[in-house]
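Here are my notes for your review. Please read them alongside the coordinates.

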Amino acid sequence: MKLTFSQEQLNRFFPYHLIMDKNLVVLSCSNDILNLIDTVEGKSFLDIFNIRNIGYTQESFTPDTLHNFINRPLKIQLKSNQQLIIGGKFEDLADNGRFLFYGDLCPATNEDIINDDSASDNVLPELAFHQHIINEIPSDIAVFNIDRTYLFVNASVERDPQIRKWMIDKKDEDHCVLKNIPMSIALNRKRLFEKVLNSKKIKSWEEKIVEDGEANYYLRSFYPVLDDNGDVKQVIRYGVNITDRKLIEEQLVINEKRYRDLYAYSPALIYTHNLDGKLLSCNPAILNILGYSEEDIVNTDIQNLLPAYDRKNIRRDYFDKIIKEGNSKGIFRVIPKQGNKVLYLYYQNYLVDESDSSSYVIGFSQDITDRINTEKKLRMAKLATENIAKQKQIFLANMSHEIRTPINGILGLNKLLLKTKLDAQQENYVKLSSESINNLLIIINDILDIEKIGFGKIEFENHPFNISDKVLRTIQLFQYKAKEKELELLFDNNVSTEFVVNGDQYRFSQIISNLLSNAIKFTQAGSVTVSMNVVNEMQGKAMLEFSVRDTGIGINEEDILKIFKPFEQASLSITRKYGGTGLGLSICKKLIELLDGSINVYSQVGKGSEFIFTIPFERNFEYKEEKNQSSVINYSKLRDKKILIGEDVELNQFLIKNLLESWGCAVDVVDNGIRIIEMLTLSDYDIILMDIQMPVMDGLTAAKHIRGMDDQVKANIPILAFTASVMQEDINKYRNVKMNDFILKPYSDELLHEKLISVLNINDPGEVLVNVESDETEVEPVSVSKLYDLSEIRSLSRNDEKIFNKIINMLISTLSVEGENIKSSAMDNDWETVSGIVHKIKTSLIHIRVDSLKDIIIKLEKNYSDYDLESLNSFVDELCNTLTEIVGCLKNDIDTLIEG
């Protein structure tokens, strides 16, 4: 046969055809065959099809025998689907060595499907097919006679076909023995089998069988097959392997137990409630802490556990929030069953949504009652501490005022002394005295603002000074103390006498003074030596080393670290014997470290100690110190400056106005913050001197209003605060309203001038000092009266009798009027007004040094609320009587004082 058809024609004439070569390799096939199998091309015919003709075997069809099948009817069966049989024949395409098979589908018979080798002689073909299907079912199936012998078992019961064949007519016990299955399982099956026979109802159970060391679980059933009379003729046993399900169930049981244990044993308080507030469950922890049983608390309203004052807000603060946001956290106050105290529970609760609309809340709480109570105690302790700190601040502020008054007096006297004729030794003594007072003022400032030391916020000056001269002058301050103890005081200076550095000479002097004071205090015989060396110098910076060495009592090695701690000394015996606060070395160490230096101590008990510290300084090669000349400040720098003063005390108004006008300033004075703002609105000023405590509007409020002005020039005018308090809390207030600086009352002319120059940013180095001749000036004698001292008034008046007379008359008028005002306010029990008047006259009394009233002034100004009415009236009587006496003395002595 010669093939002359195209592929399209072949598909139309022969729907089921294929072409192969002489080696039985399929070259092409029809579309219908391709619909039955994915691909055939390139595969062997024998790999795809079986030969199903009776009399033909698969083995007889080979490339060598292919010619024997030409033009003979033949059935081929698709291996992948034995239901598909094609009946047809082969044709030899002799012209090109190919062969064509074509035909059509035909029905499959039992003989086509069932392999003769696997079928029993006495089984019908249909039963063989069903048997094949049943063997492939993943469930085990067995059929029993009513005598419990096997009629049939599938492969899931027993994989080995030989054993399956053996099991027929055997009982279950025989199979269990063969497979080493415990006889207890066989006996249980027998018992259940008999129940099925008797009840004629299905019976199910679970079995655990260990196979190859692993446990397997089965769910099995006996199903009775009844005949037409309703009697059991056969029993079918079927089952499935439920091992995976069983393991999951067991794990679920374990997990559930763990969750139950977690719920039961958790120290956390766990509970659930519905959205109406009804408690659904509570774990033992919450029952224990509240003292309820589960029967007492479950199904009760959560509000019943709250104090009455919390119930009215729980809907708004809790339920509405958790419904809206899905969670809520906060603190519940609850009342336990005993009701003897309120418990605080910190809660974090979550809304659980359920599809059936039965949403509920699961809550987790923790008892924080102890923490809350501790916090309350801490808050009370904090308040107490703050009150103590406030009292300390008040004490320090008052102490500052009291100490500054005599110190300013001493400084004033020293200034007057320097204006008299003095020999070189006397002048040196006066300068040393002034330097000691200045150092004392530095120490007072440290005490007043001691927290700055703790936080490292000390501000250092940076001015040029001769360091050799500074060390020498500091040593000279201690020469008399050393002489009293017959100690040799030495200065080993290895630094040039012209060595000038930039730094804070007062802080530096404080360090040397503290170390020298300690050395002399703890040395009974021998010497104290101060030495100074340059360690290195480069690029305009010098590292200087200082040493204070003594031959005193020495320090134990274990006590060396202790001596640098605040308020601590080497031992209690030293404190008892030598005294002291234990602050000196602590302040020294902190100051040195803040100056980027370090300090060390070397000591032997009984032989002495040496304190060595190093500080880096910046060299100053331009500063030239004026020597052997008396100098005064050039006050003319402030000439023509227009200054607005806010001060409500008439005497203070007069003093500051008189002083500034003597410097060439134009001065306006008002007595409250409102008037300051009005004056500033109407006119221009260079600076405002602002008292802090004024009537109508205080200085802080006035400064705040000024800084908020629309006119930026006026809003940024420099403001210098006049104040009687420079505690850190007060300084922060001045800074908060953007004041430029502050000056403490009472103040010196020099300090006021320095502050004004600094705030106004007047910088003219060439005129800082001017040389003048020393005039002979008589020292104002101290008043014979014990009630007051007018030397400071004499100094403030600069020996101008008219000014002095005016000040005294103003004092007389002020003290008379205010004394009557104090009496009147006291009779009305208006102690706040009394306090304000006392504050107003306090500065005037400080100027004339009325020491006898200082305690009463403190009581009436600051602490009047601490005393009963009787005590306050007695204070007022003593104050007013003293004021009357002072006024009388001033009136009687004024002429004499002026002449003096």
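1. Is phenylalanine 49 buried or exposed? In this predicted model, phenylalanine 49 has a relative accessible area of 2%. The cut-off for buried is under 20%, so phenylalanine 49 is buried.

2. Phenylalanine 45 is also worth a look. Its relative accessibility is 0%, so phenylalanine 45 counts as buried.

3. Next, the aromatic pairs. The structure holds 23 of them. One involves phenylalanine 45 and phenylalanine 49: the ring centres are 5.1 Å apart and the planes meet at 35°. Stacked would need under 30 degrees and edge-to-face over 60, so this pair is tilted.

4. Both residues belong to one aromatic cluster. Its members are Phe45, Phe49, Phe61, Phe69, Phe90 and Phe101.

5. Now charges over rings. Arginine 220 places its charged end over the ring of tyrosine 218, at 4.4 Å from the ring centre. Lysine 642 does likewise with tyrosine 685. Here the distance to the ring centre is 5.1 Å.

6. Lysine 642 leads on to the strands, as β25 covers residues 642-646. Strand β25 pairs with β26 (residues 666-670). The sense is parallel, and the pairing runs over 5 bridges. Within it, isoleucine 645 of the chain faces valine 669, which lies in β26.

Note on methods. Residues are numbered from 1 along each chain as its sequence is written. This is a predicted model: local features need pLDDT of at least 70, side-chain atom pairs count only at pLDDT 80 or more; totals for chains, interfaces and linings use all residues. Side-chain values use heavy atoms; hydrogens and water are left out. Rings of Phe, Tyr and Trp (its six-membered ring) pair if their centres lie within 6.5 Å; planes under 30 degrees apart count as stacked, over 60 as edge-to-face and the rest as tilted. Buried means under 20% relative accessible area, exposed over 50%, partly exposed in between (1.4 Å probe, protein chains only). A charge sits over a ring if NZ of Lys or CZ of Arg is within 6 Å of the ring centre and within 35 degrees of the ring normal. Two strands pair if DSSP finds at least two bridges between them. Helices (H or I, at least four residues) and strands (E, at least two) are DSSP runs, numbered from the N terminus.
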